[in-house]
Amino acid sequence: MRKTVLLIAAVVIPIMLEAADIPEVTDRHWTRKYDQYFRKYSKRFFGPAIDWHWFKAQGIAESGLRGNARSWVNAKGIMQLMPRTFAELKKKNPELRNVLDPRWNIAAGISYDSSMYKKWREDRPFLDRMRFMLGSYNAGFRTILRAQKLSRKYGFSGRDWESIKSVAPKVSKWREKETLGYVRKIEILMGEPEESGLAALINKYW
(Lines give C-alpha, C1' and ligand atoms only; values in the text may rest on other atoms or scores of the structure.)
Protein backbone atom coordinates (compact mmCIF):
# COMPACT_ATOMS: atom_id res chain seq x y z
CA MET A 1 0.00 0.00 0.00
CA ARG A 2 2.75 2.40 0.99
CA LYS A 3 4.68 1.66 -2.23
CA THR A 4 1.54 2.36 -4.24
CA VAL A 5 0.99 5.74 -2.54
CA LEU A 6 4.62 6.72 -3.09
CA LEU A 7 4.42 5.68 -6.74
CA ILE A 8 1.28 7.75 -7.29
CA ALA A 9 2.89 10.76 -5.58
CA ALA A 10 6.01 10.36 -7.70
CA VAL A 11 3.93 10.47 -10.86
CA VAL A 12 1.18 12.95 -9.98
CA ILE A 13 3.13 15.69 -8.18
CA PRO A 14 5.61 16.34 -11.03
CA ILE A 15 2.68 16.50 -13.46
CA MET A 16 0.90 19.03 -11.23
CA LEU A 17 4.04 21.10 -11.01
CA GLU A 18 4.57 21.07 -14.79
CA ALA A 19 0.92 21.98 -15.35
CA ALA A 20 1.10 25.07 -13.13
CA ASP A 21 0.84 28.13 -15.35
CA ILE A 22 2.48 31.47 -14.69
CA PRO A 23 -0.01 33.46 -12.57
CA GLU A 24 -2.14 35.87 -14.56
CA VAL A 25 -0.79 39.27 -13.64
CA THR A 26 -0.58 42.56 -15.46
CA ASP A 27 2.64 43.86 -13.93
CA ARG A 28 5.02 44.83 -16.73
CA HIS A 29 7.96 43.19 -14.91
CA TRP A 30 6.38 39.72 -15.04
CA THR A 31 8.58 38.35 -17.82
CA ARG A 32 10.79 35.26 -18.07
CA LYS A 33 13.82 37.22 -16.92
CA TYR A 34 15.89 35.33 -14.31
CA ASP A 35 13.43 32.43 -14.28
CA GLN A 36 16.27 29.89 -14.25
CA TYR A 37 17.63 31.31 -10.99
CA PHE A 38 14.27 31.54 -9.26
CA ARG A 39 13.52 27.95 -10.27
CA LYS A 40 16.92 26.61 -9.25
CA TYR A 41 17.19 28.22 -5.84
CA SER A 42 13.58 27.83 -4.77
CA LYS A 43 14.05 24.10 -5.40
CA ARG A 44 17.33 24.09 -3.49
CA PHE A 45 16.10 25.91 -0.42
CA PHE A 46 12.41 24.89 -0.34
CA GLY A 47 12.18 21.67 -2.34
CA PRO A 48 10.47 20.85 -5.65
CA ALA A 49 6.86 21.28 -4.49
CA ILE A 50 7.03 25.02 -3.77
CA ASP A 51 5.78 27.39 -6.46
CA TRP A 52 8.90 29.37 -7.40
CA HIS A 53 6.75 32.24 -8.67
CA TRP A 54 6.38 33.37 -5.04
CA PHE A 55 10.03 34.41 -5.05
CA LYS A 56 9.93 36.01 -8.46
CA ALA A 57 6.90 38.03 -7.34
CA GLN A 58 8.96 39.02 -4.31
CA GLY A 59 11.81 40.14 -6.56
CA ILE A 60 9.38 42.25 -8.57
CA ALA A 61 8.02 43.82 -5.38
CA GLU A 62 11.50 44.46 -4.04
CA SER A 63 13.23 45.99 -7.04
CA GLY A 64 11.28 45.52 -10.28
CA LEU A 65 13.97 42.88 -11.03
CA ARG A 66 16.67 45.54 -11.31
CA GLY A 67 20.03 43.93 -10.61
CA ASN A 68 21.72 47.21 -9.67
CA ALA A 69 18.93 48.49 -7.41
CA ARG A 70 19.95 50.21 -4.17
CA SER A 71 17.59 51.50 -1.52
CA TRP A 72 17.97 54.51 0.77
CA VAL A 73 19.10 52.13 3.56
CA ASN A 74 21.70 50.52 1.22
CA ALA A 75 19.76 47.31 0.50
CA LYS A 76 21.11 45.94 -2.77
CA GLY A 77 20.09 44.01 -5.84
CA ILE A 78 16.97 42.25 -7.02
CA MET A 79 16.08 40.89 -3.58
CA GLN A 80 17.21 44.08 -1.80
CA LEU A 81 19.59 42.48 0.67
CA MET A 82 21.43 44.44 3.32
CA PRO A 83 25.23 43.93 3.17
CA ARG A 84 25.26 42.52 6.70
CA THR A 85 22.51 40.02 5.85
CA PHE A 86 24.33 38.92 2.69
CA ALA A 87 27.56 38.45 4.68
CA GLU A 88 25.75 36.24 7.20
CA LEU A 89 24.17 34.18 4.44
CA LYS A 90 27.55 33.80 2.76
CA LYS A 91 28.93 32.11 5.88
CA LYS A 92 26.36 29.32 5.44
CA ASN A 93 26.55 29.35 1.62
CA PRO A 94 30.19 30.02 0.64
CA GLU A 95 29.33 29.86 -3.07
CA LEU A 96 27.56 33.22 -2.83
CA ARG A 97 29.69 35.92 -4.42
CA ASN A 98 28.91 39.49 -5.46
CA VAL A 99 25.67 40.74 -3.89
CA LEU A 100 24.92 42.69 -7.09
CA ASP A 101 25.23 39.62 -9.32
CA PRO A 102 21.58 38.66 -10.06
CA ARG A 103 22.25 34.94 -9.66
CA TRP A 104 23.78 35.18 -6.21
CA ASN A 105 21.45 37.91 -5.05
CA ILE A 106 18.43 35.75 -5.90
CA ALA A 107 20.04 32.69 -4.30
CA ALA A 108 20.77 34.64 -1.12
CA GLY A 109 17.29 36.14 -0.99
CA ILE A 110 15.59 32.75 -1.27
CA SER A 111 17.99 31.30 1.31
CA TYR A 112 16.99 34.11 3.67
CA ASP A 113 13.32 33.41 2.93
CA SER A 114 13.92 29.80 3.90
CA SER A 115 15.39 30.79 7.26
CA MET A 116 12.36 33.02 7.95
CA TYR A 117 9.91 30.31 6.84
CA LYS A 118 11.45 27.79 9.25
CA LYS A 119 11.00 30.16 12.17
CA TRP A 120 7.22 30.19 11.76
CA ARG A 121 6.64 26.50 12.50
CA GLU A 122 3.50 26.96 14.56
CA ASP A 123 0.45 25.32 13.00
CA ARG A 124 -1.05 27.72 10.44
CA PRO A 125 -2.26 27.54 6.82
CA PHE A 126 0.43 27.60 4.15
CA LEU A 127 -0.59 31.02 2.82
CA ASP A 128 -0.43 32.60 6.26
CA ARG A 129 2.98 31.06 6.81
CA MET A 130 4.13 32.60 3.53
CA ARG A 131 2.76 35.96 4.66
CA PHE A 132 4.63 35.70 7.96
CA MET A 133 7.78 34.82 6.03
CA LEU A 134 7.41 37.75 3.64
CA GLY A 135 6.53 40.13 6.45
CA SER A 136 9.64 39.02 8.35
CA TYR A 137 11.79 39.48 5.26
CA ASN A 138 10.56 43.05 4.93
CA ALA A 139 10.30 44.20 8.55
CA GLY A 140 12.51 41.72 10.41
CA PHE A 141 11.55 38.58 12.31
CA ARG A 142 11.52 40.28 15.70
CA THR A 143 9.10 42.95 14.49
CA ILE A 144 6.55 40.38 13.32
CA LEU A 145 7.12 38.39 16.51
CA ARG A 146 6.31 41.49 18.56
CA ALA A 147 3.18 41.96 16.46
CA GLN A 148 2.17 38.36 17.11
CA LYS A 149 2.62 38.74 20.87
CA LEU A 150 0.59 41.95 20.85
CA SER A 151 -2.17 40.33 18.81
CA ARG A 152 -2.51 37.61 21.44
CA LYS A 153 -2.64 40.22 24.15
CA TYR A 154 -5.68 41.66 22.34
CA GLY A 155 -7.35 38.26 22.10
CA PHE A 156 -6.41 37.25 18.55
CA SER A 157 -4.94 33.86 17.71
CA GLY A 158 -1.65 35.25 16.41
CA ARG A 159 -1.48 32.39 13.93
CA ASP A 160 -3.07 34.13 10.97
CA TRP A 161 -1.99 37.25 9.08
CA GLU A 162 -5.30 38.97 9.85
CA SER A 163 -4.30 38.92 13.53
CA ILE A 164 -1.12 40.79 12.65
CA LYS A 165 -2.95 43.30 10.46
CA SER A 166 -5.46 43.99 13.24
CA VAL A 167 -2.79 45.23 15.66
CA ALA A 168 -0.23 46.54 13.16
CA PRO A 169 -0.80 50.27 13.88
CA LYS A 170 -0.23 49.60 17.59
CA VAL A 171 3.18 47.94 17.13
CA SER A 172 5.94 50.40 18.01
CA LYS A 173 8.88 51.13 15.70
CA TRP A 174 7.28 49.45 12.70
CA ARG A 175 6.44 51.06 9.36
CA GLU A 176 3.50 48.72 9.15
CA LYS A 177 1.91 50.25 6.03
CA GLU A 178 5.07 49.46 4.07
CA THR A 179 5.13 45.82 5.20
CA LEU A 180 1.41 45.18 4.76
CA GLY A 181 1.54 46.79 1.32
CA TYR A 182 4.57 44.70 0.41
CA VAL A 183 2.88 41.42 1.31
CA ARG A 184 -0.30 42.51 -0.45
CA LYS A 185 1.55 43.41 -3.65
CA ILE A 186 3.14 39.96 -3.79
CA GLU A 187 -0.27 38.33 -3.30
CA ILE A 188 -1.68 40.39 -6.16
CA LEU A 189 1.26 39.42 -8.36
CA MET A 190 0.55 35.79 -7.51
CA GLY A 191 -3.04 36.19 -8.70
CA GLU A 192 -4.77 35.93 -5.31
CA PRO A 193 -3.46 32.42 -4.47
CA GLU A 194 -5.69 29.99 -2.63
CA GLU A 195 -4.85 27.06 -0.36
CA SER A 196 -4.06 23.93 -2.35
CA GLY A 197 -3.24 20.29 -1.74
CA LEU A 198 0.38 20.93 -2.67
CA ALA A 199 0.56 23.84 -0.25
CA ALA A 200 -0.75 21.64 2.55
CA LEU A 201 1.81 18.99 1.63
CA ILE A 202 4.65 21.51 1.82
CA ASN A 203 3.44 22.79 5.19
CA LYS A 204 3.23 19.27 6.61
CA TYR A 205 6.91 18.51 6.07
CA TRP A 206 8.38 21.88 7.04
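Guide: Rings of Phe, Tyr and Trp (its six-membered ring) form a pair if their centres lie within 6.5 Å; planes under 30 degrees apart are stacked, over 60 edge-to-face, the rest tilted. The model is predicted, so local features need pLDDT of at least 70 and side-chain atom pairs 80 or more, while totals for chains, interfaces and linings use all residues. Residues are numbered from 1 along each chain as its sequence is written, and side-chain values use heavy atoms, without hydrogens and water.

Visitor: Which class of pair do the rings of F132 and W161 form?
Guide: The whole structure has 9 aromatic pairs. In the pair of F132 and W161, the centres are 5.5 Å apart and the planes stand at 70°, so the class is edge-to-face.

Visitor: How many residues apart are F132 and W161?
Guide: F132 is in helix α6 and W161 in helix α8, residues 161–167. Helices are DSSP runs (H or I, at least four residues), numbered from the N terminus. The pair links distant parts of the chain, and its members are 29 residues apart.

Visitor: How are α4 and α5 oriented to each other?
Guide: Helix α4 covers residues 83–92 and helix α5 residues 102–119. Their axes (lines fitted to C-alpha atoms over the stretch in contact, angles from 0 to 180 degrees between N-to-C directions) come within 10 Å and cross at roughly 80°. The range of 65 to 115 degrees has its own name, so α4 and α5 are roughly perpendicular.

Visitor: Which residues of α5 meet α4?
Guide: Contact means heavy atoms within 4.5 Å. T85, F86 and L89 in α4 meet, on α5, W104, A108, S111 and Y112.

How values were computed: Helix = DSSP H or I, 4+ residues; strand = E, 2+ residues; numbered from the N terminus. Parallel < 35°, antiparallel > 145°, perpendicular 65-115°, else oblique.
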